Amino acid sequence: MAAIALENIVKRFGTFEVIKSIDLKIREGEFVVLVGPSGCGKSTLLRLLAGLEDASEGTITIGDRQVQGLPPQQRNIAMVFQNYALYPHYTVEQNMGFGLRLRSMPKDQIKAKVHEAARILGLEDYLARYPKNLSGGQRQRVAMGRAIVRDPDVYLFDEPLSNLDAKLRIAMRTEIKALHQRLGRTTVYVTHDQVEAMTMADRIVILRQGEIAQQGTPMELYNTPADRFVAGFIGAPTMNFLDGRIEPCGSGSTFRFANGEHLPLGAGAREAREAVAGIRPEHLSVGAPVEQGQGLNGRVSLIEPTGPSDYLLVETNAGTVTVVAASGAAQLNEQIGLTANESAWHLFEPGENGRRI
């Protein structure tokens, strides 16, 4: 395994900067997930690491070697793609051993490596099959096996689960995480799915328009998002945002919503200013209507049952919010009260990408 360092990486296509001066260090054995909306540059960054694209500026180091300018086969990396990229006329065994044959490795060593990878991935009974006779999940395992047998310093995954159904995605992300824990190799994984990022990563790097918006452990990003963009991207359902104003009140402060309702913000004086209050749906509690200053009151306008919990859409005077509540906690059109711990509220500067206050 090997550490990775990207220093002042810039990538331009013509005059358009897709990647804007990114600095990123990845520790040996770390599982790092690059996540962000479409067009943020995450796949381009992975392709720069793989050597499939050349950086316009900056240096890339894998282990103790600077690799910019080196072709993929000289970087000792293995990449797993979204579309599997299997040869249809080769068996599973032949597909998994293809890269080793190109290296002229002895046949007995290739067979030993392929069979060991097949054992790890549960493919021992499928080695004689062709890709057309495999399910999507099995094909993805074959693609992973082809990467494993190369024994690389770094694994690169480019949205490998996007073509799978929801149930299979859950199973495969568990397998990939377990595989990383077993092999201990440095892994960089690209996805647009923040749930994948939260469940798999040692560290998440959130990209926005070719720059790093924030990086940290999943819970660091969940609990202390740097700005409104990160707060809204991490978490499902997404965080609720309500406009208003911070007002000093004694030794503390109050958040006054646009309709005049207010909530205490606890100890610690804050200057008066326009702001946006954020609250995660799972941090709101449902109960009877409350008095002014104790929470928000509203009407349940939509219920989405998910089994153990319901997603409630609640129309309040301060704005519409989503709430995750126990199944049956409220009825359609019921008037309810919403409360939360003071510490659960997040404050941001106004604007789509407003910084955390």
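Predicted model: local features only at pLDDT ≥ 70, side-chain atom pairs only at ≥ 80, totals over all residues.
The domain assignment of the protein places residues 4–228 in domain 1 and residues 240–348 in domain 2.

**View 1. The interface between domain 1 and domain 2.** Contact between the two domains involves 6 residues of domain 1 and 7 residues of domain 2. The area buried between them is about 590 Å², and carbon and sulfur atoms contribute 57% of this area. On the side of domain 1, the residues that lose the most area to domain 2 are Tyr222, Pro225 and Arg228, which together account for 88% of what that side buries. Helix H7 (residues 218–223) gives the most to the side of domain 1 that touches domain 2, contributing 3 residues. By class, that side consists of 3 nonpolar, 1 polar and 2 charged residues.

**View 2. Helix H1 and the residue that follows.** Helix H1 spans residues 42–50 and is mostly covered, with 7 of its 9 residues buried. The buried positions are Lys42, Thr44, Leu45, Leu46, Leu48, Leu49 and Ala50. Gly51 follows H1 and has a positive phi, near 90°. Arg47 is partly exposed, because its relative accessibility is 29%.

**View 3. The salt bridge between Arg47 and Glu53.** The side chains of Arg47 and Glu53 meet in a salt bridge, at 3.5 Å from N to O. Glu53 has a relative accessible area of 21% and therefore counts as partly exposed. Salt bridges that share partners join Lys11, Arg47 and Glu53 into one network. The model contains 16 salt bridges by the rule applied.

**View 4. The salt bridge between Asp227 and Arg208.** Asp227 and Arg208 form a salt bridge in which the closest N and O atoms are 3.0 Å apart. Asp227 lies in the loop between H7 and helix H8 (228–233), and Arg208 lies in strand E9 (residues 203–208), so the pair ties together parts that are 19 residues apart in sequence. Asp227 counts as buried because its relative accessibility is 0%.

**View 5. The salt bridge between Glu274 and Arg245.** A salt bridge joins the side chains of Glu274 and Arg245, at 2.9 Å from N to O. Glu274 belongs to strand E14 (residues 273–279) and Arg245 to strand E11; the pair links distant parts of the chain, 29 residues apart. With a relative accessible area of 47%, Glu274 is partly exposed. Arg245 also counts as partly exposed, because its relative accessibility is 31%.

**View 6. The surroundings of Thr187.** Thr187 is located in strand E8 (residues 186–191). Its relative accessibility is 3%, so Thr187 counts as buried. Leaving aside residues up to four places away in sequence, Thr187 touches Glu30, Phe31, Val32, Tyr155, Phe157 and His180.

**View 7. Cys249 in strand E11.** Cys249 lies in strand E11, which covers residues 240–249. The relative accessibility of Cys249 is 47%, and this residue therefore counts as partly exposed. Cys249 and Gln109 are separated by 140 residues in sequence and by 74 Å in space, from C-alpha to C-alpha.

Technical notes:
Residues numbered from 1 in each chain as written. Heavy atoms only, no water. Domains from an automatic or database assignment. Contact = heavy atoms within 4.5 Å. Buried area = accessible area lost by both parts, 1.4 Å probe. Helix = DSSP H or I, 4+ residues; strand = E, 2+ residues; numbered from the N terminus. Nonpolar A, V, L, I, M, F, W, Y, C, P; charged D, E, K, R; others polar. Buried < 20%, exposed > 50% of the residue type's maximum accessible area, 1.4 Å probe, protein only. Salt bridge = Lys/Arg side-chain N within 4 Å of Asp/Glu carboxyl O.
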